[in-house]
Amino acid sequence: DLAKYEIEFCTKEGNEKIAYCWSFAFDSIFFADLCYHGFLSICSYPSQIVYILMPWIDPERCVMEFKKMHISKNVVKRSRKYTITVNQYFDGVVKGCIKQHGESWLHPPMRMLLKD
């Protein structure tokens, strides 16, 4: 139960560190559930034998407290010149990430999962 694990981990004293887990399942419903509960996921390819989905949670970076969030006037002003789009250039963005950083965590199963 991801919700139970996430709440237990994030509220338990002494869990300031990142929690990793792993799975062979590259299932879009499972991945969406992980995202919904605050997990970030990477794909690993150890010894180039098998791809592994590695969900992780970091209470510092994965939990957004909107009531405590402050966006400065300067950021709002600068943001007016940007436009956010969804699903307009996914393949190009992935290619750019791989060009700059290497395949790293964006192995083929992860790219398919993100695109699904």
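Arg111 is partly exposed, with 22% relative accessible area (buried is under 20%, exposed over 50% and partly exposed in between, with a 1.4 Å probe and protein chains only). The model is a predicted one, in which local features need pLDDT of at least 70 and side-chain atom pairs count only at pLDDT 80 or more, while totals for chains, interfaces and linings use all residues. Residues are numbered from 1 along each chain as its sequence is written, and side-chain values use heavy atoms, with hydrogens and water left out.

Arg111 forms a salt bridge with Glu103, and the closest N and O atoms are 3.0 Å apart (a salt bridge is a side-chain nitrogen of Lys or Arg within 4 Å of a carboxyl oxygen of Asp or Glu). Glu103 is partly exposed at 33% relative accessibility.

## Asp91 and Lys115

The count of salt bridges comes to two. Asp91 and Lys115 also meet in a salt bridge, at 2.9 Å from N to O. Asp91 belongs to helix 5 (residues 90-101) and Lys115 to helix 6 (residues 108-115), so the pair ties together parts that are 24 residues apart in sequence (helices are DSSP runs of H or I with at least four residues, numbered from the N terminus). Asp91 is partly exposed at 42%, and Lys115 is partly exposed at 48%.

## Nonpolar surface patch

Met64, Phe66, Met69, Ile71, Val75 and Val76 make a nonpolar surface patch of about 580 Å². Patch residues have over 30% relative accessible area and no salt bridge, and nonpolar side chains are joined within 5 Å; accessible areas come from the Shrake-Rupley method with a 1.4 Å probe.

Met69 lies in the loop between helix 3 (59-62) and helix 4 (73-79). Met69 is partly exposed, at 38% relative accessibility.

Terms used:
Patch = residues over 30% accessible without salt bridge, like charges linked within 9 Å, V, L, I, M, F, W, Y side chains within 5 Å. Helix = DSSP H or I, 4+ residues; strand = E, 2+ residues; numbered from the N terminus.
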